[in-house]
Amino acid sequence: MLRDMESAWTPFETTTWSVYDLTRYVRQLLESDFRLQELWVVGEVSNVSRPSSGHLYFTLKDEQASLRCVMWRPQVLTQAHLPQDGERLEVFGRIGVYEAGGQYQLYAERLRPAGSGELFQAFLRLKAKLEEEGLFDPVRKRELPDWPAVIGVVTSPTGAALRDVVHVLRRRFPLAQILLAPTQVQGDAAPAGIVAALELLNRDSRPGVILLVRGGGSVEDLWSFNEEAVVRAVAASSIPVVSGVGHETDLVLTDLAADVRAATPSAAAEVATPDQANLRESLLQITADLQFEFGSQLGERKSSWSQLYTRLLRASPLASITNARQRVDELSLRGAAAIRHQLALAGSMISGLAQTLRAVSPQSILERGYAIAIRPGDGAIVSSTRQVRVGDALEVRVRDGSIGTQVTDR
Amino acid sequence: MAKNKSLDKLTYEEAFQELQAVVEQLEAGELPLQESLALFERGQALSARCSNLLEKAQLRLTELTSGEDGVITERELEVGE
């Protein structure tokens, strides 16, 4: 084994590499080292060039060495800021080999100012520390008031953030009053200014909610919102805080310490307030409820009133009088009928009696051919021979009159 | 109905909450007509107050600053279009 290796070193080695093979071999070596495939490199920028292809070429160097860098056009187009000669940058990318040039170089994908890495490390350390302390605990989060009549705003008086907040609140919840605690939001004075503004609003105590807002900017621009004192002041606020810093993708530590995180200043204003369209709707609804409820109660009252009234009418003396009157009418009708009936009955009885009377009257006997003899002196009816003597006058009554006679024989 | 605060002192929230309470009281029912009517009228007035507040609402922007002596001053700012 040792022999073989030694033999590889002899000048009599027969295998000769082509430049291409060697270059490719080196390339494979570099590209197979994962540490070289995702890395940040810091250095000073020089020799920036951007030919018409749109790719970007530059050199990163420090006192002892330099590194060729290339950024392809698609990545170049996503950069907000392109490197300038003399600038210190941190460049993210992978190491590869440009075979035709025989050069290894950094294929750059992202750029950031030098020191960012350290800043980011500091950010992570502080985040971990405050997390440990429980400053970001979900249980610490408070509900925002439904309708904050007074809204504290901590931001720059001249910034776009204030304009955005005002714009949203004018449209959405113009019932509110904004209490602006103005402060710088970037630069060295910003952290202390923000802390003082938060304290000022807390002392005031009118605000139902505080919006801590700032428009978009670079990581450095937003850095005040990662300062420990500021994050602690947010957590310590006795008034709920909404943090709306930068754009959607920016995360700052005040976002984590606040009761609500909003992606932007506008979003912070929205999340903290009701929409007046909804207010109008619920006002209409409850007013309709009020009118319906009262209306239906009136209706119920009216119907129970009319029921009662009916009962009252039924129970009133007037009703009994009417009743009595009706009964009188009825009775008198019935009385009259009864009397008529009685009269008719009596009438027929009378005519029956008359008939009987007629049947038994002397006249009817006379009619049948009998005669009655009457003593004219006293009018006595002669029914025996012993009542008369010969020579007495007798009146003989017959059907149609009397005949004067004399007793000739007895 | 002992109604404490005069209408035009009420904030939107106060007026709306009282309106809600009025409706709930009415809904609970069993009130003498006189009281129902008073509640209803109060409710109507509260509703009008809310509506009026919404119509006239104009966002106010007040700047709060603390001087070096700790004295806090307030200044009304224009709310631009």
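Me: Two strands pair if DSSP finds at least two bridges between them. How many bridges join β12(A) to β13(A)?

Reply: 6 bridges join them, and the strands run antiparallel. β12(A) covers residues 393-398. This is a predicted model: local features need pLDDT of at least 70, side-chain atom pairs count only at pLDDT 80 or more, and totals for chains, interfaces and linings use all residues. Residues are numbered from 1 along each chain as its sequence is written, while chains are lettered from A and ligands numbered from 1 in the order written.

Me: Which residue is the bridge partner of A:Val396?

Reply: A:Ile403, in β13(A).

Me: What sheet is that part of?

Reply: An open one of 3 strands in chain A, ordered β11-β12-β13 with antiparallel pairing. β11 (372-374) and β13 (401-406) are the edge strands, each pairing on one side only. Strands here are DSSP runs of E, at least two residues; helices are runs of H or I, at least four, and both are numbered from the N terminus.

Me: Which element of chain A scores lowest?

Reply: Helix α1(A), residues 2-8, at a mean of 53. The highest is strand β8(A), residues 209-214, at 97.

Me: What are the scores for the complex?

Reply: ipTM is 0.85 and pTM is 0.62.

Me: Now the interface. How many residues does each chain put in?

Reply: Chain A gives 29 and chain B gives 31. Contact is C-beta atoms, placed from the backbone, within 7 Å.

Me: Where do chain A's come from?

Reply: α5 (160-172), β7 (177-182), α6 (190-204) and α10 each supply at least two. α10(A) has the largest share, 12 residues.

Me: What does α10(A) do with α2(B)?

Reply: Their axes come within 10 Å and cross at roughly 160 degrees. That makes the two helices roughly antiparallel. Angles under 35 degrees count as roughly parallel, over 145 as roughly antiparallel, 65 to 115 as roughly perpendicular and the rest as oblique. Axes are lines fitted to C-alpha atoms, for helices over the stretch in contact, with angles from 0 to 180 degrees between N-to-C directions. α10(A) is residues 276-315 and α2(B) is residues 33-56.

Me: Which residues make that contact?

Reply: From α10(A), they include A:Leu283, A:Leu290, A:Phe294 and A:Arg301. From α2(B), they include B:Phe40, B:Gly43 and B:Cys50.

Me: Is the β7(A) pairing with β1(B) parallel or antiparallel?

Reply: Parallel, over 4 bridges. β1(B) runs over residues 60-66. A:Gln177 stands opposite B:Arg60.

Conventions:
Two residues are in contact if their C-beta atoms, placed from the backbone, lie within 7 Å. pLDDT is the predictor's confidence in each residue, from 0 to 100.
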